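Please keep the viewer open while you read.

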Amino acid sequence: MDNCVFCGIVSGAIPSKKVYEDDVLVAFYDLEPQAPVHVLVVPKQHISCANEITADNSGAIARIFEAVPVIADKLGLKDGYRIVNNCGKHGCQSVMHLHFHLLGGKQLAGQMV
């Protein structure tokens with residue numbers, strides 16, 4: 001997708017500090033971390049947001065959730081973690097490429113907003 005920063009990271013045109021990659025997804029550190037561990041997990045296929053998940057692309061999302069425990073273990077998140085997805089303007093989605101924030105490394109706040 002033209003001008004998509006995450007597509008640029010997936011292709012290798014934009015550098016990132018990757019923590020995990022397979023044929024379906026890539027996980028890399030967020031540039032503005034909100035927790036001691038803050039990783040973004042993105043499908044390699046460009047899907048703009050959660051509203052665009054379909055029967056044709058939902059396998060990539062399933063693969064992400066299969067990989068999250070592997071990534072969390074690799075990052076030492078033994079006591080738990082949070083997974084967050086922002087969708088659209090009111091959901092504060094900053095990059096229009098579906099992504100999941102994996103946050104942990106400390107006791108997170110009990111309230112989401």
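Predicted model: local features only at pLDDT ≥ 70, side-chain atom pairs only at ≥ 80, totals over all residues.

Residues are numbered from 1 along each chain as its sequence is written, and side-chain values use heavy atoms, with hydrogens and water left out.

**Pockets**

- The largest pocket has a volume of about 660 Å³. A pocket here is an open set of points on a 1 Å grid over the protein atoms alone, where a 1.4 Å probe fits, with protein on both sides within 12 Å along at least five of seven lines. A volume is the space filled by probe spheres set on the points, which are joined across faces, edges and corners.
- The lining of the largest pocket counts 30 residues, and Asp30, Glu32, Gln34, His38 and His101 lie nearest its centre; lining residues have an atom within 4 Å of a point.
- At least two lining residues come from each of α1 (5-11), β2 (25-29), β3 (37-43), β4 (81-84) and β5 (100-104), and α1 gives the most, with three residues. Helices (H or I, at least four residues) and strands (E, at least two) are DSSP runs numbered from the N terminus.
- By residue class, the lining of the largest pocket has 16 nonpolar, nine polar and five charged residues. Ala, Val, Leu, Ile, Met, Phe, Trp, Tyr, Cys and Pro count as nonpolar, Asp, Glu, Lys and Arg as charged, and the others, Gly among them, as polar.
- The second largest pocket has a volume of about 180 Å³, and Lys78, Tyr81, Arg82 and Gln107 are among the residues that line it. Its lining divides into three nonpolar, four polar and four charged residues.

**Salt bridges**

- The count comes to five salt bridges, each being a side-chain nitrogen of Lys or Arg within 4 Å of a carboxyl oxygen of Asp or Glu.
- Asp22 pairs with Arg63, with their closest N and O atoms 2.8 Å apart. The pair links distant parts of the chain, with Asp22 in the loop between β1 (18-21) and β2 and Arg63 in helix α2, 41 residues apart.
- Asp22 counts as buried because its relative accessibility is 15%, whereas Arg63, at 23%, counts as partly exposed. Buried means under 20% relative accessible area, exposed over 50%, and partly exposed in between (1.4 Å probe, protein chains only).
- Arg63 also forms a salt bridge with Glu66, at 3.6 Å between the closest N and O atoms; both lie in helix α2, three residues apart, about one turn of the helix.
- Asp73 and Lys78 meet in a salt bridge at 2.5 Å, N to O.

**Surface patch and a loop residue**

- Phe65, Tyr81 and Ile83 make a nonpolar surface patch of about 250 Å². Patch residues have over 30% relative accessible area and no salt bridge, with like charges joined within 9 Å and nonpolar side chains (Val, Leu, Ile, Met, Phe, Trp, Tyr) within 5 Å. Accessible areas come from the Shrake-Rupley method with a 1.4 Å probe, and for residues only the protein chains shown count as cover.
- Phe65 sits in helix α2 (residues 58-74) and, at 40% relative accessibility, counts as partly exposed.
- Ala13 is in the loop between α1 and β1 and is exposed, with a relative accessible area of 63%.
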